[in-house]
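Look at the sequence and the model below.

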Amino acid sequence: MATLVLLGACSSEPEPEAAVPAAPAATKPTVAAAPKDETANFARAVGDGKPGAAVNIRYEFSGKPTLGVPTELDVAFIPSAGVDSMEAKLSGMDGITLAGNLIASFSAVEAGKPYRHTISVLPDRTGVFYITASVNTQIAGSALNRTFSIPFVVGQPSVQQKPAPAKDDQGESVKSMPAEESTEPKQ
């Protein structure tokens with residue numbers, strides 16, 4: 001009998017394995033892509049050091065400023081929250097000529113959105129230069145003015161060397177010492 005049971009078990013088909021449902025593919029939640037910041041690679045203008053500027057300035061030259069060659073300067077004014085409108089006046093220093101509309105005016109502005117303005121810069125000589133941006137913002141009927149600098153270099157300006165220290169009669173360097181104040185004559 002045992003033999004018959006064993007022979008019966010050998011000839012029977014194996015039971016099919018229970019089908020395991022495949023795990024659903026993990027889906028990543030779709031996140032709306034943030035709008036690309038077109039000024040992310042721009043340089044930041046240097047503020048006047050006062051806290052609370054209601055606007056940030058970023059800028060980019062279309063190419064390296066070169067002596068005698070006009071170069072486009074793209075300036076982005078980015079207001080902070082609460083700014084109703086803004087007006088910027090751009091000016092240069094001796095050695096550069098600015099062309100185009102040097103006053104940019106924007107009304108009904110949105111916080112964080114860049115408002116762009118383009119001018120042309122023509123360097124007359126090599127050196128280190130600054131373009132000044134004076135920005136007047138209107139916030140709830142009050143005016144707030146801040147000044148920013150846009151620095152750039154034209155050519156290879158000469159490096160200033162420190163003057164050599166003075167030497168005494170033996171050729172030794174003379175070391176400057178701080179002055180001492182006294183109300184009594186020295187003996």
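## A residue to start from

Thr137 lies in strand E9; strands here are DSSP runs of type E with at least two residues, helices are runs of H or I with at least four, and both are numbered from the N terminus. The model is predicted, so local features need pLDDT of at least 70 and side-chain atom pairs count only at pLDDT 80 or more, while totals for chains, interfaces and linings use all residues. Residues are numbered from 1 along each chain as its sequence is written, and side-chain values use heavy atoms, with hydrogens and water left out.

Is Thr137 buried or exposed? Thr137 counts as buried, at 2% relative accessibility. Buried means under 20% relative accessible area, exposed means over 50%, and partly exposed lies in between (1.4 Å probe, protein chains only). Leaving aside residues up to four places away in sequence, Thr137 touches Ala54, Val55, Val83, Ser85, Met86, Ser142, Ala143 and Leu144. A contact means heavy atoms within 4.5 Å.

## The overall plan

The protein has 1 helix and 10 strands. From the N terminus on, the elements run α-β-β-β-β-β-β-β-β-β-β. Of its 187 residues, 25% count as buried. The protein exposes about 13,900 Å², and carbon and sulfur atoms supply 55% of that area. Such areas come from the Shrake-Rupley method with a 1.4 Å probe; for residues, only the protein chains shown count as cover. Now take the contacts between residues at least 6 apart in sequence: 61% of them join residues at least 24 apart.

## The sheet

Five strands form an open sheet in the order E1-E3-E4-E8-E6, with antiparallel pairing. Two strands pair if DSSP finds at least two bridges between them. Which strands stand at the edges? They are E1 (43-44) and E6. Each has a single partner strand, so one side of each is left without a neighbour in the sheet. E4 and E8 pair in the antiparallel sense over 7 bridges. Val75 has His117 in E8 as its bridge partner.

## The core

In soluble globular proteins, nonpolar side chains tend to be buried together. The largest nonpolar core here has 29 residues, and Leu73 and Phe77 touch the most other members. A nonpolar core is a set of buried Ala, Val, Leu, Ile, Met, Phe, Trp, Tyr and Cys residues joined through side-chain atoms within 4.5 Å. E3, E4, E5 (85-91), E6 (96-99), E7, E8 (115-123), E9 (127-139) and E10 each supply at least two residues of this core.

What does Leu73 touch? Not counting residues up to four places away in sequence, its contacts are Tyr59, Glu60, Phe61, His117, Thr118, Ile119, Val121, Ile131 and Ile150.

## Aromatic pairs

The structure holds 5 aromatic pairs. Rings of Phe, Tyr and Trp (its six-membered ring) pair if their centres lie within 6.5 Å; planes under 30 degrees apart count as stacked, over 60 as edge-to-face and the rest as tilted. Here are two of the pairs.

| Pair | Centres apart | Angle of planes | Type |
|---|---|---|---|
| Phe61 and Phe152 | 5.1 Å | 55° | tilted |
| Phe77 and Phe106 | 6.0 Å | 50° | tilted |

Phe61 lies in E3 (residues 55-61) and Phe152 in E10 (residues 142-154), so their pair ties together parts that are 91 residues apart in sequence. Phe61 is buried, with a relative accessible area of 16%. Phe152 is buried too, at 5%. Phe77 in E4 (residues 71-79) and Phe106 in E7 (residues 103-107) tie together parts that are 29 residues apart. Both Phe77 and Phe106 are buried. Ring pairs also link Tyr59, Phe61, Phe129 and Phe152 into a cluster.

## Salt bridges

How many salt bridges are there? The count is 2, where a salt bridge is a side-chain nitrogen of Lys or Arg within 4 Å of a carboxyl oxygen of Asp or Glu.

Asp74 and Arg116 meet in one of them, at 2.3 Å from N to O. Asp74 is in E4 and Arg116 in E8, 42 residues apart. Asp74 is buried, with a relative accessible area of 14%, whereas Arg116 counts as partly exposed at 36%.

Asp94 also forms a salt bridge with Arg125, with the closest N and O atoms 3.7 Å apart. Asp94 sits in the loop between E5 and E6, and Arg125 in the loop between E8 and E9, 31 residues apart. Asp94 counts as exposed at 64% relative accessibility, and Arg125 as partly exposed at 39%.
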